[in-house]
Amino acid sequence: MSVAVIVGTDKGAAVLRSDDARERWEVDALQLPGWKVTAATRDSQGRFYAAVSSVVYGAAVVVSDDLKTWRQLEHPPHYEPTDRGNPGHYRFIRGMDFPAIYTEQRRYIDQIWKLKAVGDVLYTGVSEAGLFRSNDRGESWEPVRGLNEHPTREVWLPGAGGLGLHTILVDDDDPRRMWVGISSAGVFRTDDGGETWEQKDDGVAPDIAQVDELGLQGMPQGVTSIESWCAHGLASDPSNANLIYRQDHFGMHVTQDGGDHWELLESGLPVVELGNGRHCVFGFAIALDPASQTVLSIPLGGDNMRYPLDGKLRVYRTHVGDESWEATNRGLPDDCFASILRGAIDVDGLDPGGAYFGTTAGTIYASRDAGESWTQIPATLPRILSVDAFAL
Amino acid sequence: MPAVTIQLPAVLAQMVEGQRVFEVSGATIGEALEDLVTQRPALRVHLFDESGGMRPHVLCFHNDDYARGIEGLSWPIAAGDRLTILNSIAGGALAG
């Protein structure tokens, strides 16, 4: 048994490799130089997939069978010219369109934030937010229209990074049951394989935005304010899928019933003051180690200060069923003023569980005891966007 | 049809096994680029977006002249011409 970790950065990917002891690591950096690498997954036949993008050249999917050479798939997921863009997200597209080519409110894919293999099916979560499915190992993609054309779509409100679908969770006992997280529309669940989706944010405080203050063009007539739920990160054990942990812009939550109801779970976590005066736990990165049933979270100092509180990098842990969190600082610095992004944490699924996260300063930390203690991997990378770990 | 060459930047050539220079044919820049993405379909998403137009920050030079925007796609080309694909560079945090 061995482990590979694909670390996606602003300027390429690093591949970390170790045996199952996970004491020593080989770092192969940078692969795919110059490309932003935003997500990775591995399919049931062992092929690796990575999402790449460029502000100039758009987003695509590359594949590798050896984690050394990559081949681009010819037909990435794409929207149709007739798909209408979300008014808020379209502002992001137009903001980068200096030649003013985009004159219509179309829907474009600018990032692929999530790749996930579910059995023989591949899913991608993209920005502008949407979900795509491939039944032929990524050679072709079809939109999951039940979500992409959801009746609430026109009033989905983008977060600071645009309107992106960044998290996909599945129920191992019933793969027709899935959840997605969209910033900042909220969490949606399907029970019928993607045909229909229900928004699942009951119990989570929304952000309420006034349309005229935002200057949004193209909102449905009569809509003067928008409620949005900025779901930053989700984590679950697919074998116990109704229990989901959720880091939102406005706090850490848990659901026991697949998202029908959410409750705050912040005991032991650092509560901070946000820019709007609200006090809650703020952060993005969250993961669940299935072997030990440990949930890992890396809270930050607030939405104005997106680094660990007072620069003290801490991983907080709780066990499934517990009602409080405990911090660990073993192997972690007291002078970390970098952020940890939502995609930049993962677990390898081994027993004992390995966990990995990266910072926007390009540092990587690894644990082989489910997050109790950490070691810094000897490499300094560009800004880390994604971390995906695989037991081989 | 005139035969012309198209040169890609290194970052884009990675997506086609490192090949930098392609021989294509076409009567206009647009036809030459269409021949390129027909030969190498992986390049289509990088040069054109969902609307079918060229991505706004992809630059195409015809010999030593900048073939500006969408209008440039209709420029006539002659045998032996060189097309060069480059990308816009700008400062700012969003571009990294």
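**Exercise 1. What percentage of the 392 residues in chain A is buried?**

Solution. Start with the cut-offs: a residue is buried if 20 or more other C-beta atoms lie within 10 Å of its own, exposed if 12 or fewer, and partly exposed in between, with C-beta atoms placed from the backbone. By that test, buried residues make up 51% of chain A.

Some ground rules follow. This is a predicted model, where local features need pLDDT of at least 70, side-chain atom pairs count only at pLDDT 80 or more, and totals for chains, interfaces and linings use all residues. Residues are numbered from 1 along each chain as its sequence is written, while chains are lettered from A and ligands numbered from 1 in the order in which they are written.

**Exercise 2. Which radius of gyration does chain A have, and why does it agree with a compact globule?**

Solution. Take the radius over C-alpha atoms; the globule rule is 2.2 Å times the number of residues to the power 0.38. For 392 residues the rule gives a value near 21 Å, and chain A has 20 Å, so the two agree. Next, check the spans: the C-alpha trace of chain A covers about 60 × 45 × 40 Å along its principal axes.

**Exercise 3. What ipTM and pTM does the predictor give the complex?**

Solution. The ipTM is 0.93 and the pTM is 0.96.
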